[in-house]
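User: I have a protein model to go through for class. Could we look at it together, one piece at a time?

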Amino acid sequence: MAAIKNLVILNPADKTRFYSVASGEGAPADELIVNVKDFPVGSQYTDVSGKKFYVRMAENKAVADWVAVNAGE
């Protein structure tokens, strides 16, 4: 799997967060896929290099968990 470059969690101080908001360069991979504790269903990720927005829809620890919302654009 390719690694995400410059991964930044945008809401790290929210200790009671129910989902994470993150950005980086590259499609969801590595930490975002396997870490369901910090990136549960509802988490959001923006790929700034690919200009895509993803939302985690399942916790199967698979790439398919992350659905590109703007895939048709």
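User: Where is the place of Arg 56?
Analyst: Arg 56 is found in strand E4. Please keep in mind that this is a predicted model.

User: Is Arg 56 buried or exposed?
Analyst: Arg 56 has a relative accessible area of 0%, so it is buried. The cut-off for buried is under 20%.

User: Which residues is Arg 56 in contact with, leaving aside its neighbours within four places in sequence?
Analyst: Its partners include Leu 32, Ile 33, Asn 35, Val 36 and Phe 39. Pro 40, Val 41, Gly 42 and Ser 43 are also among them.

User: How many residues apart are Arg 56 and Leu 32 in sequence, and how far apart are they in space?
Analyst: They are 24 residues apart in sequence, and their C-alpha atoms are 9.1 Å apart in space.

User: How do the strands pair, starting with E1 and E2?
Analyst: Strand E1, residues 5-9, and strand E2, residues 21-25, run antiparallel and are joined by three bridges. Within this pair, Lys 5 stands opposite Glu 25.

User: And which way do E2 and E3 run, parallel or antiparallel?
Analyst: E2 and E3 run parallel, with four bridges between them. Strand E3 covers residues 44-47. Ser 23 has Thr 46 of E3 as its bridge partner, and Gly 24 has Asp 47.

User: In what sense do E3 and E4 pair?
Analyst: Those two strands pair in the antiparallel sense, over four bridges. Thr 46 stands opposite Phe 53 of E4. E3 and E4 form a hairpin with four residues between the strands, and in this hairpin Lys 51 takes a positive phi near 55 degrees.

User: Which residues of E3 are on its covered face, and which on the uncovered one?
Analyst: Tyr 45 and Asp 47 make up the covered face, while Gln 44 and Thr 46 make up the uncovered one.

User: Why does Thr 46 count as partly exposed?
Analyst: Its relative accessibility is 29%, and therefore Thr 46 counts as partly exposed. That class lies between the cut-offs of 20% and 50%. Leaving aside neighbours within four places in sequence, Thr 46 is in contact with Ala 22, Ser 23, Gly 24, Lys 52 and Phe 53.

User: What about Val 48, where is its place?
Analyst: Val 48 is in the loop between E3 and strand E4. Val 48 counts as partly exposed because its relative accessibility is 46%. Beyond its neighbours within four places in sequence, Val 48 is in contact with Ser 23, Gly 24 and Glu 25. The C-alpha atoms of Val 48 and Glu 25 are separated by 5.5 Å, although the two residues are 23 residues apart along the chain.

User: New topic. What radius of gyration does the protein have?
Analyst: The protein has a radius of gyration of 11 Å. A compact globule of 73 residues would have a value near 11 Å, so the two agree. The C-alpha atoms fill a box of roughly 35 × 25 × 25 Å along the principal axes.

User: How much of the protein counts as buried?
Analyst: Of the 73 residues, 32% count as buried. The accessible surface comes to about 4600 Å², and 58% of this area belongs to carbon and sulfur atoms.

User: Finally, how far apart are the mean positions of the positive and negative charges?
Analyst: There are 8 positive and 9 negative charges, and their mean positions are 2 Å apart.

Terms used:
Residues are numbered from 1 along each chain as its sequence is written. This is a predicted model: local features need pLDDT of at least 70, side-chain atom pairs count only at pLDDT 80 or more; totals for chains, interfaces and linings use all residues. Side-chain values use heavy atoms; hydrogens and water are left out. The radius of gyration is taken over C-alpha atoms; the globule rule is 2.2 Å times the number of residues to the power 0.38. Buried means under 20% relative accessible area, exposed over 50%, partly exposed in between (1.4 Å probe, protein chains only). Accessible areas come from the Shrake-Rupley method with a 1.4 Å probe; for residues, only the protein chains shown count as cover. Lys and Arg count as positive and Asp and Glu as negative; His and the chain ends are not counted. The place of a charge is taken as NZ of Lys, CZ of Arg, CG of Asp or CD of Glu. Two strands pair if DSSP finds at least two bridges between them. Contact means heavy atoms within 4.5 Å.
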